[in-house]
Amino acid sequence: MVGRWEVSVAPISVPVGTYWLALAWHDSIELSHEIIRSTRYALQQLLRAHLTTRQNSKRHDLIQRAELLAEIIEGVTVARLSRLGDRLVLLHFPRDGSFQIHAMQHKPSISNNYAEPNKTTPEIDSTLSIIQDTAEACGISVLLAEVNDRYLILLPRSEVFTRELLLRASEFDHGTSSAFSDLTETRLALRQAEMSLHTSVRNGALTPFDQVGFINFILAQVPAETFDEKVDEVMSGLLSSEPMEETVIAFLRNGMDIQATARSMHLHPNSIRYRLSRVENYLGRSMSDPETVTLLFLALHDRLDHAPALKPGVEIDG
């Protein structure tokens with residue numbers, strides 16, 4: 001009893017979980033236990049069938065969208081362009097307008113503890129559901145799939161969707177391509193989204209491809225492991241010395257100006273020159289060599305972007 005209402009509760013189990021059915025009637029209505037039991041049972045069966053059908057329909061829809069996305073990413077020829085465009089229209093994409101590729105992956109701190117879902121179960125990937133629900137809430141249709149621990153989305157360009165997805169999937173790093181209107185450009189857009197994602201991981205925030213700087217553009221071409229190995233090989237001695245690293249960062253941030261570097265570090269210019277000469281000895285390279293400067297810019301790029309303000313210090317000789 002709830003006040004003057006009688007309530008009967010029953011579970012409805014479906015592949016995605018358990019729902020609960022509640023029947024309530026006023027105590028002024030006389031109902032036999034048999035009527036209540038048979039009504040509850042009939043509603044359980046109807047709702048279970050409805051929820052299961054809806055779930056199967058959603059699963060089939062996601063499979064269809066993933067297959068179409070894979071076909072488009074594989075490469076669209078001019079001969080197939082019209083047919084693929086018609087299929088997108090059937091999935092409620094606009095006939096005209098621009099597209100965008102959105103890529104996302106679990107942040108490293110989360111992915112380390114992330115349990116890979118059992119692919120043999122009939123359950124829908126919860127992340128795909130989040131993406132699909134976000135698209136529906138924004139009034140757009142998307143193609144989406146999970147590929148090699150990344151989620152790829154083809155969508156009509158929508159800043160609203162991007163903002164909403166960032167909020168709903170905050171445990172992911174995200175990357176977005178430039179807008180494109182020709183599906184034959186999808187493979188290029190995918191590469192742009194991957195470069196954007198790579199840069200976003202380094203920066204800690206979404207960096208659309210249009211905002212990816214030249215250095216990040218270069219770094220995105222090289223696997224992180226390969227690049228880190230090369231940096232360690234060339235600069236391990238330098239990076240093990242905090243004063244040397246601090247000096248090089250200040251030197252690069254101040255446009256390789258000795259006087260400006262000395263002022264920012266509250267040191268005498270001769271101290272800066274001495275430290276830089278030691279850096280040259282560590283590297284076996286001249287600081288006036290453009291290749292050396294390029295190497296330092298690439299190797300220290302993250303530190304240059306996120307280096308804290310230098311603290312005033314006493315003047316020292318090296």
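Modeller: Happy to! Let's start with one term: two residues are in contact when they have heavy atoms within 4.5 Å of each other. Among contacts in the protein chain with a separation of 6 or more, 62% join residues 24 or more positions apart. Please keep in mind that this is a predicted model. The chain has 13 helices and six strands, and 39% of its 318 residues count as buried.

Now to the part you asked about. The largest nonpolar core holds 23 residues, and I272 and L296 touch the most other members. At least two residues of this core come from each of α8 (224–239), α9 (242–253), α10 (258–265), α11 (269–283) and α12 (290–299). The largest share is that of α9, with six residues. Another core lies apart from this one; it has 22 residues, including F99, L143, A189 and L190. As a general point, nonpolar side chains in soluble globular proteins tend to be buried together.

For contrast, have a look at the surface. W5, V7, V9 and W20 form a nonpolar patch there, with about 440 Å² of accessible area together. Strand β1 (residues 5–14) gives the most to this patch, namely three residues. Over the whole protein chain, the accessible surface comes to about 17900 Å², and carbon and sulfur atoms hold 54% of that.

Conventions
Residues numbered from 1 in each chain as written. Predicted model: local features only at pLDDT ≥ 70, side-chain atom pairs only at ≥ 80, totals over all residues. Heavy atoms only, no water. Patch = residues over 30% accessible without salt bridge, like charges linked within 9 Å, V, L, I, M, F, W, Y side chains within 5 Å. Areas by Shrake-Rupley, 256 points an atom, 1.4 Å probe, with all protein chains shown as cover. Salt bridge = Lys/Arg side-chain N within 4 Å of Asp/Glu carboxyl O. Helix = DSSP H or I, 4+ residues; strand = E, 2+ residues; numbered from the N terminus. Core = buried A, V, L, I, M, F, W, Y, C linked by side-chain atoms within 4.5 Å. Buried < 20%, exposed > 50% of the residue type's maximum accessible area, 1.4 Å probe, protein only.
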